[in-house]
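Thanks, everyone. Let me put the model up, and then we'll walk through the strands and the cores.

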Amino acid sequence: MRKTSIFWFAFLMIIGCMVAAQQPAPQSNPPCGGRSAKALVDWPQFRFDLCHTGYNPNEFLLSPTTVGNLVLDWKYGAQELETSPAVVDGMVYVGGWDGVVHALKADTGAPLWEHAGMGEMLISSPAVANDVVYLGSLNGILYALKASTGTLLWKYATRDMVVSSPAVANGVVYVGSFC
């Protein structure tokens with residue numbers, strides 16, 4: 001039951017981002033993330049920005065009165081998805097209980113690549129910065145994958161399970177681990 005509800009939550013987030021892409025970008029810069037309005041459909045990390053506000057200031061299409069009009073655009077058949085997705089540059093990145101990271105096209109849901117070398121369950125939502133996907137595993141490893149190909153760039157062994165989602169700021173990756 002838990003896996004199914006998390007999948008639908010992630011799916012609805014993706015739909016919301018795709019609906020937001022249909023509107024012109026506002027001219028102001030959002031707080032905390034320092035990102036320009038050109039990143040209208042990007043949701044690069046857990047809870048959107050470094051302040052973890054969970055708020056995309058560029059989203060103005062969804063509201064309590066319009067949410068009922070959402071329709072299914074696409075779905076992805078993986079049954080083991082666990083993490084919140086990150087959406088950057090038209091790509092969706094999500095990890096699963098099976099230790100696999102999936103990259104999908106945001107507009108169609110078509111799979112672009114999978115990386116299965118993570119070892120254990122992924123419950124750490126990905127963060128994406130500068131064409132790199134960062135996420136942690138219950139085996140205590142922080143992974144960095146090339147966002148465009150899924151190629152492993154590096155991995156770092158922490159002292160214990162990584163359940164928090166990474167944050168990337170000024171070229172530094174921050175992540176919490178049990179100790």
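Start with β7 and β8. They pair in the antiparallel sense over 5 bridges. On terms: strands are DSSP runs of E, at least two residues long, numbered from the N terminus. Two strands pair if DSSP finds at least two bridges between them.

Before going on, the ground rules. This is a predicted model, with residues numbered from 1 along each chain as its sequence is written. Local features need pLDDT of at least 70, side-chain atom pairs count only at pLDDT 80 or more, totals for chains, interfaces and linings use all residues, and side-chain values use heavy atoms, with hydrogens and water left out.

Back to the hairpin. β7 and β8 have 5 residues between them, and glycine 150 in that turn has a positive phi of about 85 degrees. Isoleucine 141 stands opposite alanine 157 in β8. How much of β7 is buried? 5 of its 6 residues are, so call the strand mostly covered. Buried here means under 20% relative accessible area; exposed is over 50%, and partly exposed is in between, with a 1.4 Å probe and protein chains only.

Contact means heavy atoms within 4.5 Å.

Now the other side of β7. β6 and β7 pair in the antiparallel sense over 5 bridges. Tyrosine 134 stands opposite alanine 144 in β7. This hairpin has 4 residues between the strands, and glycine 140 takes a positive phi near 80 degrees.

Alanine 127 stands opposite tyrosine 134 in β6. The β5 and β6 hairpin has 2 residues between the strands, with asparagine 130 in the turn at a positive phi of about 50 degrees.

So how enclosed is β6? 5 of its 5 residues are buried, so the strand is largely enclosed by the rest of the structure. Val132, Tyr134 and Gly136 point one way, Val133 and Leu135 the other, and all are buried.

Next, charges. How many salt bridges does a search of the whole structure find? It finds 1. The criterion is a side-chain nitrogen of Lys or Arg within 4 Å of a carboxyl oxygen of Asp or Glu. The partners are lysine 146 and aspartate 131, with the closest N and O atoms 2.6 Å apart. Lysine 146 is in β7 (141–146) and aspartate 131 in the loop between β5 (127–129) and β6 (132–136), so the pair ties together parts 15 residues apart in sequence. Lysine 146 counts as partly exposed, at 31% relative accessibility. Aspartate 131 is partly exposed, also at 31%.

On to the packing. The largest nonpolar core has 16 residues, and Tyr93, Val101, Trp113, Met118, Val128 and Val133 touch the most other members. Two or more residues each come from β1 (86–88), β2 (91–95), β3 (101–105), β6 and β7. The largest share, 3 residues, comes from β7. Apart from this core lies another, of 8 residues, among them Trp74, Val92, Val94 and Ala106. A nonpolar core is a set of buried Ala, Val, Leu, Ile, Met, Phe, Trp, Tyr and Cys residues joined through side-chain atoms within 4.5 Å.

Look at tryptophan 113. Leaving aside residues up to four places away in sequence, its contacts include Met91, Tyr93, Val101, Leu145 and Lys146. Glycine 150, from the β7 and β8 turn, is another residue touched by tryptophan 113.

Last, the open sheet. It has 4 strands in the order β1-β2-β3-β4, with antiparallel pairing. The edge strands are β1 and β4 (111–115), each pairing on one side only. β1 and β2 pair over 3 bridges, and valine 88 stands opposite methionine 91 in β2.
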